[in-house]
Amino acid sequence: MNEKKIMLGNEAIARGAYEAGVKVSSAYPGTPSTEISENIVHYDGVYAEWAPNEKVALEVALGASIHGARSMATMKLVGLNVAADPLYSYSYIGVNGGLVVVVADDPGIYSSQNEQDTRMVARAANVPVIEPSDSEEARVFTKRAFEISEKYDTPVILRTTTRLAHSQGQVNLEERVECEKPYEKNVEKNVMMPGNAIKAHVRVEERMNKLGEDANTLDINKVEYNDTKIGFITSGIPYEYVKEVFPNASVLKLGMVHPLPKKLIEEFASKVDRLIIFEELEPVIEEQVKAMGIECDGKNLFTIQGEYSANMLREKVLGQTLELSQPAKAPARPPILCPGCPHRSTYSVLKKLGIHVSGDIGCYTLGAVPPLGVVENVVCMGSSISALHGIEKAKGSDYIKNWVACIGDSTFLHTGVNSLMNMVYNKSTGTVIILDNSTTGMTGHQDHPATGKTLAGEPAYQLDLVDLCHALGVKNVEVVDAFDTKKMEEVVKTEVNREEVSVIIAQSPCALLKSFVPKGKCFEISDKCKKCGLCMKSGCPAITKAEDGTIKIDQTLCNGCGLCKQNCPFEAIGFKGRGE
């Protein structure tokens, strides 16, 4: 095969996994990693799935690996925290079929709740890390990761970032290879009870030492000697910035960023007059280089936060004052829920009732910003329910009557189930609202166990959220149309006053789903309008107010949810149903 194709970094990772002979791929969607699974599912010979969370995804992959199949688990940076439990222990076990954990970091925090550095986790877990710099390397390094995994009997982390994941480049397509190994029962290797684990730890240290030694001649670590007045040690996307600004500089480009090739680094450092470590986020490479007694610049020049750029190099190393032409200023556009979003309707009711929200990770996090402003804490997936329980135990059942936990359907199945179980088990009071919009909305409408479809789009058993909540011991479970604000108000008032755990399932599909069909349009504001602005309190972007107070509805944005019509006490908003 001699075909070339332009691919996103995520597409190229999927292609590399396919070419490497991966049999099983499991993932939980999370920007910027989502497209890897959405692409690999289309390759014949690969079983690909959405798991309910990242821990499950990694455990699925390691099960396949133990039994000889090459496998992959994919997640974003914070998902690795959820998968940390199996990662640390499987590092001790090693592999049979190669296992690669693809983790997408997010320098600049474009779509995450923190800016953690996966290399730090990998060092603690004693797992090697490989980091590509462009789409072609994403394909090639994915294949090399499986080879390294099997050669050194270790899971391997392929670290990518937002910029690589969503940038395009030319990729050379190659044929798939089949690499399945036989399974042999091996309790000492595969069962991590203390007696076996203590021996395994010795093997892990030996493995990492061997990897560190071999990294000095590993082909994905490359030295480019040019002008030796200045030398850079870098990896990943930052390498591209170095080549753009300093095309004639000497560069040690690390493909394996853990463990480091110390002899190669010492040799490179001895041949350049000035050494600069250019790495995004934590000073992982820099601190180890300095511990070797090598002088270098790094975080004394560059920020520890955010995404790097070529201009950063020009300013911090060359001392150039950048006179950039000011781009046209776009109007301020605060983050806001989409027109027709069912979460807006639910939050509008909660705001009206003066209810505070313990929030979670998803589109509905936007309930924290004006004009809704009801969400008051967001930490991580599933934490809304656990935090509500903590509030109740700290402040009492009367205090909690002014609070609810809000969590999406996908997030509830990710890590909310255990939290709800904990509330019931520990005799809490409080109301949990599951914002059921029939999808994993924030990451682009992926399916989950309650949608009735798999990653491949095949029909599957559709988990019933009501039955699940009952099974956890919740007696009072109410299902309400998210846009039936009167009913919602009645139910919320009733449930928050119960002296036990209750659940409200606010149901209405995401307005951006392909299957979503608007009921109609809110089409005009009549002369009944008093210009009071009540219709705007929910923050629908389809409704605007002129300087003279005139209200207008943008027909191109309106999704016909009817929330504004329900909020208007003067019946000034007209509505046309479909076909009228």
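I take buried as under 20% relative accessible area, exposed as over 50%, and partly exposed as in between (1.4 Å probe, protein chains only). The model is predicted, so I keep to its thresholds: pLDDT of at least 70 for local features and 80 or more for side-chain atom pairs, while totals for chains, interfaces and linings use all residues. Residues are numbered from 1 along each chain as its sequence is written, and side-chain values use heavy atoms, leaving out hydrogens and water.

**Entry: His 42**

I looked up His 42 and found it exposed, because its relative accessibility is 66%. His 42 sits in the loop between α2 (34-40) and β3 (47-50). Helices (H or I, at least four residues) and strands (E, at least two) are DSSP runs, numbered from the N terminus. The His 42 side chain reaches the backbone oxygen of Glu 38 at 3.2 Å. I then checked His 42 against Leu 455: 413 residues apart in sequence, 10.0 Å apart in space, C-alpha to C-alpha.

**Entry: Ser 235**

Is Ser 235 buried or exposed? Ser 235 counts as buried, because its relative accessibility is 4%. I placed Ser 235 in the loop between β10 (227-234) and α11 (236-245). Leaving aside neighbours within four places in sequence, I list its contacts (heavy atoms within 4.5 Å) as Glu 131, Ser 133, Leu 254, Val 257, Phe 278 and Ile 285. With Glu 131, Ser 235 makes a side-chain to side-chain polar contact at 3.2 Å. A polar contact is a pair of N or O atoms within 3.5 Å; within protein, one must be able to donate a hydrogen and the other to accept it, and residues adjacent in sequence count only if both atoms are side-chain atoms.

**Entry: salt bridges**

My rule here is a side-chain nitrogen of Lys or Arg within 4 Å of a carboxyl oxygen of Asp or Glu. By this rule I count 34 salt bridges.

I looked at helix α7 (residues 135-151), where Glu 136 and Arg 139 lie three residues apart, about one turn of the helix. Their side chains meet in a salt bridge at 2.8 Å, N to O. Both Glu 136 and Arg 139 are buried.

Glu 147 and Arg 144 form a salt bridge, with the closest N and O atoms 2.7 Å apart. About one helical turn separates Glu 147 from Arg 144, because they are three residues apart in helix α7. Glu 147 is partly exposed, at 39% relative accessible area. Arg 144 is buried, at 18%.

Which residue forms a salt bridge with Glu 137? Lys 253 does, with the closest N and O atoms 3.0 Å apart. This pair links distant parts of the chain, 116 residues apart: Glu 137 is in helix α7 and Lys 253 in strand β11 (residues 249-253). Glu 137 and Lys 253 are both buried.

I also noted a network of salt bridges that links Arg 15, Glu 19, Glu 136, Arg 139, Lys 143 and Glu 174.
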